[in-house]
Amino acid sequence: MTMNDAFDERLRAAFQAAQPGEDQADAFVKKVKAKMSSPMKKRVVILGGAGSTGSAIAGTQLESIFNAVQLPTEGWMASIATFASPEVMATSVLALMIGGFAFILPKRI
Amino acid sequence: MQASDEELVALVVATQDNNAFGELVRRHQGLIRGMMARMSRNRALAEDLAQDAFIRAFQKIGSFSGTGSFKSWLCKIAYNEFLMAARKRKATDKAMEKFRGEVDDTEMPRDMGNVVDLDRALATLKDDERTAVVLCYSCGMSHSEAAEATGMPLGTVKSHVNRGREKLKAFFETAEAVA
């Protein structure tokens with residue numbers, strides 16, 4: 001701790017008096033809040049761009065993968081395979097991936 | 001009843017509430033801006049550093065353990081921000097030289113005892129002395145808190161504070177005698 005004599009009190013008071021006044025507080029808070037939101041926007045754009053590019057590249061490969069798969073199936077899996085072409089399946093997976101990015105990006109990790 | 005700093009911090013951690021953090025900024029802006037102004041001795045730079053310190057605090061708010069006061073935790077972050085800004089200018093010494101050469105004289109002098117400007121008095125201290133004095137007298141940190149914030153040994157902080165205090169006292173006494 002400091003000494004707490006008369007000079008210490010004067011020094012503390014001088015530091016207190018040298019602080020910017022409350023009248024500028026609102027403007028300062030506004031500036032900080034504006035800065036607080038901009039790094040997040042940048043982060044969303046960068047991560048979103050990278051994620052979408054990756055999803056698009058992966059999506060172009062999915063169709064060939066689904067085309068190559070020939071599994072003997074029964075029941076509801078067989079029904080899905082009947083109605084869903086490889087293109088539809090690839091699009092669904094792609095939509096799920098993009099949806100995942102959209103869900104995760106606004107959150108702070 | 002007004003929420004305490006710790007309650008607001010809990011709210012920010014739980015909900016990322018910008019308004020709750022805004023209230024913390026409002027409460028402590030004077031302290032951090034004043035601290036940065038005394039440390040950097042440049043008003044425009046101090047404003048930027050103070051804003052960056054609050055942004056950093058927002059990003060790291062989850063690491064506030066609540067063992068000490070929020071004010072001390074914030075001052076520690078602000079001090080680190082000041083150091084990082086100094087390092088960005090290649091070397092701390094060169095940066096301090098730069099700050100030294102950029103004393104802001106556009107402000108009206110704030111007198112201590114109606115005689116001299118506090119900033120001019122602080123300019124007579126060495127960098128470490130000024131840091132220790134500002135943390136202890138402006139931020140209200142204890143010597144151990146200042147030692148933890150700066151990474152200096154406790155004994156060194158005590159010496160810097162005492163030496164700085166004596167220099168300031170001598171400066172003000174001389175100034176008052178001349179006046």
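Trainee: How many residues does the contact take from chain A and from chain B?

Mentor: Keep in mind that this is a predicted model. Both chains contribute to the contact, and the counts can be given for each. Chain A gives 21 residues, and chain B gives 27 residues.

Trainee: Which helix supplies the largest share of the side of chain B that touches chain A?

Mentor: Start with the helices of chain B that each supply at least two residues to that side: H2 (18-40), H3 (43-59), H7 (127-138) and H9 (154-178). By class, the side of chain B that touches chain A has eleven nonpolar, eleven polar and five charged residues. The largest share is ten residues, and the helix that supplies it is H2(B).

Trainee: Is the crossing of H2(B) and H3(B) left-handed or right-handed, and which residues make the contact?

Mentor: H2(B) passes H3(B) in a right-handed crossing. On the H2(B) side the contact includes Phe21(B), Val25(B), Ile32(B) and Met36(B), along with Arg33(B). The H3(B) side includes Leu45(B), Leu49(B), Phe54(B) and Phe58(B), as well as Arg43(B) and Glu47(B). Counted by class, the contact of H2(B) with H3(B) has twelve nonpolar, one polar and three charged residues.

Trainee: What handedness does the crossing of H1(B) and H2(B) have?

Mentor: Helix H1 (residues 5-15) of chain B packs on H2(B) at about 145°, with the axes 8 Å apart. Here Asp5(B), Leu8(B), Leu11(B) and Val12(B) of H1(B) meet Ala20(B), Phe21(B), Glu23(B) and Leu24(B) of H2(B). That contact of H1(B) with H2(B) holds six nonpolar, two charged and no polar residues. The crossing of H1(B) and H2(B) is left-handed.

Trainee: How many charged residues are in the contact of H7(B) with H8(B)?

Mentor: The axes of H7(B) and helix H8 (residues 143-150) of chain B come within 9 Å and cross at roughly 130°, which makes H7(B) oblique to H8(B). The crossing is right-handed, and Thr131(B), Ala132(B), Leu135(B) and Cys136(B) of H7(B) make the contact with His143(B), Ala146(B), Ala149(B) and Thr150(B) of H8(B). By class, the contact of H7(B) with H8(B) has five nonpolar residues, three polar and no charged.

Trainee: Where in chain B does pLDDT stay under 50?

Mentor: The mean pLDDT of chain B is 83, and 83% of its residues reach 70 or more. Among its elements, confidence is highest in H7(B), at 92, and lowest in strand E1 (residues 111-112) of chain B, at a mean of 48. The model has 19 contacts beyond four places in sequence for the stretch under 50, which is residues 105-115 of chain B.

Trainee: In which helix of chain A is confidence lowest?

Mentor: Chain A has a mean pLDDT of 76, with 79% of the residues at 70 or more. Confidence in chain A is highest in helix H1 (residues 6-18), at 87. It is lowest, at a mean of 70, in helix H3 (residues 75-83) of chain A.

Note on methods
Residues are numbered from 1 along each chain as its sequence is written. Chains are lettered from A and ligands numbered from 1 in the order in which they are written. This is a predicted model: local features need pLDDT of at least 70, side-chain atom pairs count only at pLDDT 80 or more; totals for chains, interfaces and linings use all residues. Two residues are in contact if their C-beta atoms, placed from the backbone, lie within 7 Å. Helices (H or I, at least four residues) and strands (E, at least two) are DSSP runs, numbered from the N terminus. Ala, Val, Leu, Ile, Met, Phe, Trp, Tyr, Cys and Pro count as nonpolar, Asp, Glu, Lys and Arg as charged, and the others, Gly among them, as polar. A crossing is left-handed if the near helix is turned anticlockwise from the far one by less than a right angle, and right-handed if clockwise. Axes are lines fitted to C-alpha atoms, for helices over the stretch in contact, and angles run from 0 to 180 degrees between N-to-C directions. Angles under 35 degrees count as roughly parallel, over 145 as roughly antiparallel, 65 to 115 as roughly perpendicular and the rest as oblique. pLDDT is the predictor's confidence in each residue, from 0 to 100.
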